[in-house]
Amino acid sequence: MKISKIKEMELLAKNTRRTVSLSQGVPHFYSDAAIRKDVFKAIKANKVDKYEDPQGLRKLRQLISRMEQNRGAAYSQNEILVTAGAMEGLMVTLLALFTKGDEIMIPSPSYVSFFKAAAIASLTVRNVVLDESSNWSLDIKKLQDLINKKTRAVLLCHPNNPTGTVYSPETLEKICRLTEAYNLTLIVDEVYEHIYFGKIALYHPHQRNRFKK
C-alpha cells in the first residue's frame with residue numbers, strides 16, 4: 001500500500017460517521033481544565049513573556065531526565081534539549097550532523113514529514129521498503145544492501161507511522177548493531193510509545209541487556 005492510498009483512506013474515514021481519525025493526533029476535546037488553569041496562572045504571573053534557557057526549562061529537563069531513568073536510559077538534564085515539537089528536534093539534528101549530499105535511510109512507508117525535513121537539509125533519502133505481506137516488517141538485509149560511502153544515518157519511526165508496526169526486540173538489536181558496524185547515526189522517533197500497551201520494550205542504547213536472552 002502506497003502512502004497516497006493511506007491518505008485516501010484517511011480522507012474517506014473523515015467523511016464517514018462514527019469514525020475517529022488517528023491521522024494527525026488532533027483531539028476532539030478541549031485541553032483539561034487543570035492544564036488551562038495552570039496556563040492562565042502562568043500568564044497572570046508574567047512567566048511566559050521572557051526568554052528562557054535555550055536548552056529548555058531546567059525543571060522540565062530534570063523531570064525528563066527522571067522519566068528516562070525510569071525507562072533505563074541514563075541521561076542527565078545537561079544532555080537533554082527541549083524543542084517546540086518533535087519535528088523541530090529532528091530538523092535541528094539533521095542540520096547539525098549532516099551536510100549536503102549525505103544519504104539517510106528511512107524504512108518506508110513512514111511519517112511524511114521525515115522526507116520534507118531531509119529535503120530541507122539537502123539530504124538524499126534511501127527508502128527501505130517495508131514488507132506489506134508481513135505486517136510491514138523490516139528486512140535487515142535490504143537495509144544493509146543500501147549502505148554506501150555516502151550513507152550517514154538511519155531514521156526510524158517506532159512504533160511506525162502510518163503502519164502501526166512495532167518491531168521485535170531482535171529487529172531493533174540488529175538495526176543497532178548494523179548502524180554501529182557502519183558508523184551510522186541512528187535517529188529514533190518514539191512519539192507513539194505511550195499509546196502502545198504491549199510487552200515489547202522500545203530501544204535505548206543503555207538497555208542492550210533487555211534484548212539479550
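Helices and strands are taken here as DSSP runs, of at least four residues for helices (H or I) and at least two for strands (E), numbered from the N terminus. In the predicted model examined here, Ser122 accordingly falls in the loop between α5 and β2. Ser122 is not a glycine, yet its phi is positive, at about 60 degrees. With a relative accessible area of 33%, Ser122 is partly exposed, since that class lies between the limits of under 20% for buried and over 50% for exposed.

A positive phi, of about 55 degrees, is also found at Trp136, which is likewise not a glycine. Trp136 is placed in the loop between β2 and α6, the latter covering residues 140-145. The relative accessibility of Trp136 is 13%, and Trp136 therefore counts as buried.

The chain as a whole contains seven helices and four strands, and from the N terminus on these elements follow the order α-α-α-α-β-α-β-α-β-α-β. Of the 213 residues in the chain, 31% are buried. The accessible surface of the chain amounts to about 14,800 Å², and carbon and sulfur atoms account for 56% of that surface. When contacts between residues at least 6 apart in sequence are considered, 61% of them join residues at least 24 apart.

Strand β1, which spans residues 103-108, is largely enclosed by the rest of the structure, because six of its six residues are buried. In a regular strand, side chains alternate between the two faces of the sheet. For β1 both faces are covered, with Glu103, Met105 and Pro107 buried on one side and Ile104, Ile106 and Ser108 buried on the other. Strand β1 runs parallel to β2 (residues 124-129), to which it is joined by six bridges, and within this pairing Ile106 stands opposite Asn127 of β2.

The packing of two helices is described by the angle between their axes and the distance between the axes. For α4 (residues 86-97) and α5 (residues 112-120), the axes come within 9 Å and cross at roughly 35 degrees, and the crossing is right-handed. On the α4 side the contact is made by Met87, Leu90, Met91 and Leu94, which meet Ser113, Phe114, Ala117, Ala118 and Ile120 of α5. By residue class, this contact comprises eight nonpolar residues, one polar residue and no charged residue.

Two residues with side chains of the charged class were examined individually. Arg61, located in helix α3 (residues 58-70), has a relative accessibility of 2% and so counts as buried. Leaving aside residues up to four places away in sequence, Arg61 touches Asp53, Gln55, Gly56, Gln77, Asn78, Ile80 and Val82. Asp189 belongs to strand β4 (residues 185-189) and, at 15% relative accessibility, is also classed as buried. With the neighbours up to four places away in sequence again left out, the contacts of Asp189 are Phe114, Leu156, Cys157 and His158; Phe114 is also one of the α5 residues that meet α4.

His158 is in turn joined to Pro159 by a cis peptide bond, with omega near -5 degrees, and Pro159 lies in the loop between β3 (151-157) and α7 (169-181). A cis peptide bond is also present between Asn161 and Pro162, where omega is about 20 degrees. Pro162, too, lies in the loop between β3 and α7.

Key:
Residues are numbered from 1 along each chain as its sequence is written. This is a predicted model: local features need pLDDT of at least 70, side-chain atom pairs count only at pLDDT 80 or more; totals for chains, interfaces and linings use all residues. Side-chain values use heavy atoms; hydrogens and water are left out. Axes are lines fitted to C-alpha atoms, for helices over the stretch in contact, and angles run from 0 to 180 degrees between N-to-C directions. A crossing is left-handed if the near helix is turned anticlockwise from the far one by less than a right angle, and right-handed if clockwise. Contact means heavy atoms within 4.5 Å. Buried means under 20% relative accessible area, exposed over 50%, partly exposed in between (1.4 Å probe, protein chains only). Accessible areas come from the Shrake-Rupley method with a 1.4 Å probe; for residues, only the protein chains shown count as cover. Two strands pair if DSSP finds at least two bridges between them.
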